[in-house]
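Please look over the sequence and the model first.

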Amino acid sequence: MSEDIEKGLFYDWLATRPEVIQEMGNKYPPWVEYKMNGKPCELYSYSEDGTVTVLTTDIFGLVPYKVFGVNPEELIVEK
């Protein structure tokens, strides 16, 4: 599936979500590369309390895990 189609599907889905999720999805899209605590992470989900869940790995980059309740403002955009 092309990147444009995936983005279109994301925005179609986002339009059906509560306003807080729409705002977060527009400000923090899932295809942007982020870092948290110096380690790469990717957005996994948005929560109505204004936080996100991210996927990241252990210190050696071997064991993946989810981190819940992350303030999205703490994520650093990877350039």
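The model is predicted, so local features need pLDDT of at least 70 and side-chain atom pairs count only at pLDDT 80 or more, while totals for chains, interfaces and linings use all residues. Residues are numbered from 1 along each chain as its sequence is written, and side-chain values use heavy atoms, with hydrogens and water left out. Helices (H or I, at least four residues) and strands (E, at least two) are DSSP runs, numbered from the N terminus.

- An open sheet is formed by 5 strands in the order 4-3-2-1-5, with antiparallel pairing; two strands pair if DSSP finds at least two bridges between them.
- Strand 4 (64-70) and strand 5 (76-77) are at the edges with a single partner strand each, so one side of each has no neighbour in the sheet.
- Strand 1 (residues 34-36) and strand 5 run antiparallel and are joined by 2 bridges.
- Tyr-34 has Val-77 as its bridge partner in strand 5.

**Helix 2**
- In helix 2 (residues 19-27), the buried residues are Ile-21, Met-24 and Gly-25; buried means under 20% relative accessible area, exposed over 50%, and partly exposed in between (1.4 Å probe, protein chains only).
- These residues lie on the same side of helix 2, because they cover an arc of only 100° around the axis, taken from the directions from the helix axis to the C-beta atoms.
- Glu-19 and Lys-27, on the other side of helix 2, are exposed.
- The cover over the buried residues of helix 2 includes helix 1 (3-14), strand 2 (39-46) and strand 3 (52-57).

**The nonpolar core**
- A nonpolar core is a set of buried Ala, Val, Leu, Ile, Met, Phe, Trp, Tyr and Cys residues joined through side-chain atoms within 4.5 Å.
- The largest such core has 14 residues, and Leu-43, Tyr-46, Val-52, Val-54 and Leu-75 have the most contacts inside it.
- Helix 1, helix 2, strand 1, strand 2 and strand 3 each give two or more residues to this core, and strand 2 gives the most, with 3 residues.
- Beyond its neighbours within four places in sequence, Leu-43 has contacts (heavy atoms within 4.5 Å) that include Tyr-28, Pro-29, Tyr-34, Val-54 and Leu-75.

**Thr-51**
- Thr-51 is in the loop between strand 2 and strand 3.
- Thr-51 is buried, with a relative accessible area of 16%.
- Leaving aside neighbours within four places in sequence, Thr-51 is in contact with Met-24, Tyr-46, Gly-69, Val-70 and Pro-72.
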